[in-house]
Amino acid sequence: MSGFRRSARLVAFALAAALAGVGYANAAATDTFPEPPALAPAVAFWVRVYTEATTDGGFLHDAYLMDVVYQHIRFEGETRPRERERIVEHAKSQVRDMLDWLAGGGTPRDDHEQQVMRLFTVALGHAPTAGDLRDARDNVRFQLGQRDKFREGLVRSGAYESQMRAVFRDQGMPEDLALLPHVESSFNVRAYSKYGAAGVWQFMRGTGRRFMKVDYVVDERLDPITSTRAAARLLKENYSILGSWPLALTAYNHGAGGMARAVKRLGTDRIDEIVLRYDGRTFGFASRNFYTQFLAARKVIRNYESYFGPVQRDQPRAVEVVSLPFYADVSELQNKLGVSPAQIAELNPALRQPVFRSGKRIPRGYALRLPAGSTAGSGSRWVASVPAEMRHSDQRASRYYTVRRGDTLSEIASENRTTIAQLLAQNDLGKRQRIYPGQVLQLPDRPGTAPRRVVPPVAIAQATQPEPVADPTLPTPAPTAPAPPPTEVAVAVSQSLEKSPPPVEPATPPAEVVPAPPGETVAALEPAGMPPAPSPTPAQAAPPAPEPTAPSPAVPSESAPAQSAPPTVAEDEAPFSPSDLAGPEPKLRVTPEKPARATVALAEPAVTPAESAAAAAQKSDESPYRRVSRDRVIVDDDETLGHFADWLEVSPQKLRKLNKLKPRQPIHVGQTLKLDFAKVSPDELQQRRLEYHKGIEEDFFGSYRVTGTVEHSLRAGDTLWVLSHKLYGVPTWLIHRYNPDVDFAKLVPGVKLQIPVVEKLG
């Protein structure tokens with residue numbers, strides 16, 4: 001951390017502490033969510049973000065002294081990412097030139113420069129020195145405005161807020177915790193981040209599996225009420241560990257273990273001291289600002305009409321809930337109920353697209369929401385009236401194909417007795433017909449029947465803070481405003497109406513505390529113009545199951561000194577990706593030699609359009625990651641021991657013993673794992689495994705698309721995690737898929753990787 005950053009924090013805290021006296025202690029004793037004077041500038045900044053600037057602009061500001069705002073940038077309707085990047089970079093260059101002038105002894109040349117000097121004087125408590133101004137040039141940061149997104153979230157939240165408040169009230173917790181989705185997702189039911197966080201509470205898959213059902217057919221992270229129950233349990237855990245709601249809320253972003261270490265290191269549980277003084281390696285901009293964002297959102301919501309005028313908020317919708325005692329086909333329910341698949345999708349966001357597109361059945365035990373009046377007042381009578389031929393005893397099996405290098409759609413269709421049109425419809429491949437090695441394709445059950453895709457009438461969401469797409473300053477285009485999601489209130493139509501069951505607990509135990517972010521770095525890089533990722537945070541690195549995965553190895557360096565150990569899973573228990581919150585740190589540590597700006601090229605797909613099939617490369621063997629060789633497999637991306645235990649219906653401890661793994665020892669990509677097939681056949685394992693990976697891919701490509709590739713030449717200190725989260729802003733599994741011939745367990749300097757460039761749909 002630079003001297004300026006540290007001194008700025010300490011000065012701000014000292015000033016606030018001198019002004020506050022015992023104010024913090026008194027406020028903490030009377031207010032569940034105190035606002036310490038030291039955090040007031042940050043709260044005021046986020047109020048401005050939520051109420052003044054829309055996603056058609058934003059603020060250039062100092063990343064540490066939040067009351068120093070240089071400029072309100074307006075894009076004037078410009079939506080092209082590269083043009084927005086150019087506008088932001090030009091404005092940042094002007095600010096840096098101004099700071100250089102002032103640091104060199106120049107006097108303010110106009111009213112704007114005089115105002116900047118006044119802002120620094122107030123923030124620092126003294127006139128800025130030349131060193132202060134020189135260091136400040138490295139902390140110029142752009143924050144996209146959120147006024148339009150916040151208002152949209154205000155409208156949507158009316159459908160759920162009363163039920164969410166009831167969840168927290170019933171748990172004896174502060175009801176205002178129900179306002180947290182304003183910070184995370186703008187209450188967008190289908191919000192999805194590129195690293196896999198989903199729903200209004202932005203749970204990662206791994207954390208979500210601790211409290212909810214998350215699989216290929218049902219993803220309860222997308223159910224706003226079920227996920228609220230899960231969030232309440234997680235926040236309650238955080239509070240039991242940390243003892244205050246400010247810390248428990250910050251732990252929702254940074255992890256309870258990470259916050260416990262901050263408390264221990266600083267010897268205080270005061271949120272203002274921790275925010276301003278703690279310099280943990282992964283305690284970045286998003287973590288520092290998470291609590292102040294919550295306070296700002298709470299302040300705006302309490303008096304929203306003064307900021308937005310009259311707002312017509314969505315109202316809860318009356319529904320009937322029936323717990324299904326059998327597996328059910330959506331098409332058959334339509335015949336029985338007269339309720340369209342689109343209506344079922346609208347009222348049941350937890351049902352994933354395979355239910356509507358690929359013929360998967362609604363699972364037995366699922367609490368199905370139906371329009372009021374569907375069951376004629378009696379859920380049990382309705383269930384009893386369902387014909388026997390519609391009462392299925394098991395899930396419909398699926399057929400899958402893993403794409404190999406050189407495959408073409410026509411070859412895959414011919415080999416599997418189907419058509420290109422059916423493959424496109426079954427897998428939602430889009431007009432470009434592009435797929436890649438390792439991608440999992442679902443095959444139609446019956447030749448000649450391509451299921452119709454049902455799209456829920458809720459636009460795929462942009463979370464509250466849109467993700468940057470070119471560098472930490474690049475704003476994203478203003479997305480199309482999503483339609484309001486369905487509202488829901490279960491009405492008591494009959495004593496026999498069955499209620500929604502509680503969240504499903506996973507078969508595996510809670511996550512163990514082990515090293516987690518995949519990659520101990522020797523040097524963090526930020527080549528100019530590359531698509532970045534958000535700051536490394538617990539949520540982004542959280543493993544998708546209770547069992548950990550080992551860090552990816554760093555590219556070796558003989559001269560580079562070793563760095564501190566990577567953060568543990570305790571820091572990675574946060575449920576969502578802060579890329580949707582506040583963006584990355586303004587500047588990463590950079591080695592002296594920077595790579596040249598890469599040229600974006602069209603992505604080279606594994607499968608070309610059908611008309612160019614003749615030019616496809618010769619096939620290679622199917623990826624070894626997707627094969628079972630006797631009783632062994634090779635671990636793939638996003639897989640943990642807990643996943644294999646679930647798929648095999650055995651305990652993680654049994655697999656540990658079978659593989660001679662020590663307690664809490666993680667597994668890693670490329671590792672050979674011995675399996676126990678006593679309860680599940682190899683074919684069943686592969687089906688479950690492929691469905692897991694296909695679910696991740698479908699979620700990602702439902703919200704993002706690949707626009708090209710850049711070539712990255714590895715240097716000492718690079719890790720896959722750094723490339724994914726620090727430099728390019730793409731998930732690690734996608735990097736693997738675009739580099740099928742690279743052994744990621746043996747990375748050396750000079751190896752060239754093809755990195756996909758992605759952008760958000762809409």
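The model is predicted: local features need pLDDT of at least 70, side-chain atom pairs count only at pLDDT 80 or more, and totals for chains, interfaces and linings use all residues. Residues are numbered from 1 along each chain as its sequence is written, and side-chain values use heavy atoms, without hydrogens and water.

Start with the cores. A nonpolar core is a set of buried Ala, Val, Leu, Ile, Met, Phe, Trp, Tyr and Cys residues joined through side-chain atoms within 4.5 Å. Buried means under 20% relative accessible area, with a 1.4 Å probe and protein chains only. The largest core holds 70 residues. W201, F203 and Y252 have the most contacts inside it. Helix α15 (residues 285-302) supplies the largest share of this core, nine residues. Another core, of 44 residues, lies apart from it and includes L648, I696, L714 and L734. In soluble globular proteins, nonpolar side chains tend to be buried together.

Now take I755, in strand β13 (residues 752-760). Helices (H or I, at least four residues) and strands (E, at least two) are DSSP runs, numbered from the N terminus. I755 counts as buried because its relative accessibility is 0%. Beyond neighbours within four places in sequence, I755 is in contact (heavy atoms within 4.5 Å) with G708, T709, V710, H712, Y728, V730 and I735. Y728 is 27 residues from I755 in sequence, yet their C-alpha atoms are 7.6 Å apart.

Finally, the sheet. Three strands form an open, antiparallel sheet in the order β9-β10-β11. Strands pair if DSSP finds at least two bridges between them. β9 (628-629) and β11 (672-674) are the edge strands, each pairing on one side only. Two bridges join β9 to β10 (residues 632-634). V628 has V633 in β10 as its bridge partner.

Notes
Buried means under 20% relative accessible area, exposed over 50%, partly exposed in between (1.4 Å probe, protein chains only).
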